[in-house]
Amino acid sequence: MKFRLLIIGALSLGLAGCSDFLELAPKDAMNVKNFYRNASDMQVAVNAAYGMLTSAGEYGYAYYNMGEVRSDNTMNWEGGGNLPDAELDQFKMASTNEIIRLMWLDTYRGILACNAVLDHIGGATMEQALRDRFIGEAKFLRALMYFNLVRTFGDVPLVVSETKSVSEGYSQSRRPASEVYSQIIADLADAEQKLPVSYTGNDIGRATKGAARGLLGKVYLTTGDFAKAKDKLKEVIDQGTYKLLDDYKALWPVANANNQESLFEVQFKKGGTGTGSNFYNNFAPRNSGTSVIKVGFPSGRNIPTEDLIAAYEPGDSRKEASLAVGYTDNVTGKFVADPYTLKFQDTPFTEGDADNNWPVLRYADVLLMYAEALNEVNGGPTAEALDAINAVRKRAKLAPLAAGQSKAAFALAIEHERQVELAFEGHRWFDLVRTGRAVPVMNGHFKGQVVQDFNKVFPIPQTQIDVNPQGITQNPGYTF
C-alpha cells in the first residue's frame, strides 16, 4: 500500500506567493496563522514535502535525465538539435536549459516544504513520538533533496529555515559544497535516530531508519569518507530488515512496490489525482504507437545505449528483465530494433498517470556500496567485499568473482556491476563522477574529447544568476 500524497492544500499554504528565485519568498500570513496547529495539519505538511519528490524537477522527470541520460547508459530520442534533452545528453547544455531550471526550482520548493515542517512543528499540539517521527521524515527528505542538488550543481544556497522576507530570499548565495554535505550528514544522523524501522498499512513507503542509514552511507561514500561509509552500510546489512529478492524480475511489477529489497522509493499513485507517474509513456520507443504501450503517447526517453546493452555478460538474467532490444509492430507484424527499458511497465489510468514508483535506494545498491567501501578501506577486496558483490551476481545467475584481484581491478568490477544492476534507475552518472571515471568513460562512449572536468557539475540556471548575480555565479566552464 502507499500513503496518499495529498499535497494540494499543504503546497498552497507552504508555497503561496513564491518568487522564481529559489522559491523562497514568504508565505501568506493569513494561511499560516490557521495552520500547523496539530498532528493532522503537520501530516498534511509532511506529505507536501514527499509530494514534491514526484514533481517534474525531481524524480518525475529531471532526475533520470541527470543520472542516466547524462551517462553512457541511456539516451533520449531527441538526439539532435537544441532541445533540452539533447543538450543534456550531448554535453552542450546552456544555462537556459529547461531541465536544470526545473530541477533547481522544484527541489528548492521541496526544501521549503521541509523547512516549513521543521520551523512550525514545535508549536503544534501532538504526541512527542509522532513529532519526532515527522521531524525525522522532514530531515531525511531535506537531506535527499540537498544531496541531489549538491551532486548536480556543486556549491548551492543552503537554506535550512523559512525565509521571512523577499529581501532575505534574494540575499541567499551559494555555499561551499562541504557545508552542504555537513548539513546533509547532520540531517540524516538525526533522522536515523527518530525514524522507525518500518511502517504498516497506509504509512508504508515513508522514510525509515534503514533509508536514513543507507542514504548516509551513500553520502559518506560520495565525500570519500570510506571508513564511515563502511560502518554505516554495515549497519543497514546487520539491521536484518532487507534482503535481495530471489528473482530480479520480481522487483518491477507495481504490485510488488515497497518490497523487502526497497529502502526507499518515491511513491506514485494513478487514478486521476495528479499523483501518477509518467515513466510507462516516457520510456516507450518514440515511434512504436500502441505496439509497446496501449494508452497515450510513447516519448522515447531513458532508452538504452549500445554500450549498456553490450555491458551485460552472457547469461545475466538482469538483461531480459531490464530491457528489450525492440518490439513487434502491431500493424506490420515486423520486428523493429528499437530498444527500451522494461523496468517501468504498467497500465496507466490515463496518459502519464501510472503506478510505477521510482526506486531511490535498494538493498543491492547497499551491498555494492559496501563492497566499494571495503575495497577502499582495505586497499583491495576482502572476503566480505567479495561476498557482497557475489550475492548480487548470484541473483543474476552469474559466476562469482574470484579472490586475488587488485584494488583497481575490483573497483572496475564494482563499476560494471552497478552499471547493469542499477541500469535506468538514475545512478550511473553520479557513480562515474564519484569515482573519478566520468571523463574517460564518457569520452570513450563518444569516441572523442567531448567531456571535460568542468562537466562533472551542471550549469547554474540563468534565471537564478539574473535575479542575484552577486550571490549566484555560474560554474566554471559554462559561458552561456
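1. α10 and α15 cross in a left-handed sense; a crossing is left-handed if the near helix is turned anticlockwise from the far one by less than a right angle, and right-handed if clockwise. The axes of α10 (residues 209–223) and α15 come within 11 Å and cross at roughly 35 degrees. Axes are lines fitted to C-alpha atoms, for helices over the stretch in contact, with angles running from 0 to 180 degrees between N-to-C directions. Helices (H or I, at least four residues) and strands (E, at least two) are DSSP runs, numbered from the N terminus.

2. The model is predicted: local features need pLDDT of at least 70, side-chain atom pairs count only at pLDDT 80 or more, and totals for chains, interfaces and linings use all residues. Residues are numbered from 1 along each chain as its sequence is written, and side-chain values use heavy atoms, with hydrogens and water left out.

3. From α10, Gly214, Lys218 and Leu221 meet Asp365, Met369, Glu372 and Ala373 of α15, where contact means heavy atoms within 4.5 Å. By class, this contact of α10 with α15 has three nonpolar, one polar and three charged residues. Ala, Val, Leu, Ile, Met, Phe, Trp, Tyr, Cys and Pro count as nonpolar, Asp, Glu, Lys and Arg as charged, and the others, Gly among them, as polar.

4. α15 (residues 363–378) also meets α16 (residues 383–395): their axes come within 8 Å and cross at roughly 150 degrees. The two helices are therefore roughly antiparallel to each other; angles under 35 degrees count as roughly parallel, over 145 as roughly antiparallel, 65 to 115 as roughly perpendicular and the rest as oblique. This crossing of α15 and α16 is left-handed. Residues in the contact include Leu367, Leu368 and Leu374 of α15 and Ala388, Ile389 and Val392 of α16. The classes in the contact of α15 with α16 are 11 nonpolar, no polar and two charged.

5. For α7 (residues 128–153) and α9 (residues 177–194), the axes come within 8 Å and cross at roughly 150 degrees. α7 passes α9 in a left-handed crossing. Among the residues that meet are Phe140, Tyr146 and Phe147 in α7 and Tyr181, Ile184 and Leu188 in α9. The contact of α7 with α9 has 12 nonpolar, two polar and eight charged residues.

6. The count comes to six cavities of 30 Å³ or more; on a 1 Å grid over the protein atoms alone, a cavity is a set of points where a 1.4 Å probe fits but cannot get out, and lining residues have an atom within 4 Å of a point. The largest cavity has a volume of about 180 Å³, volume being the space filled by probe spheres set on the points, which are joined across faces, edges and corners.

Methods. On a 1 Å grid over the protein atoms alone, a cavity is a set of points where a 1.4 Å probe fits but cannot get out, and a pocket is an open set with protein on both sides within 12 Å along at least five of seven lines; lining residues have an atom within 4 Å of a point.
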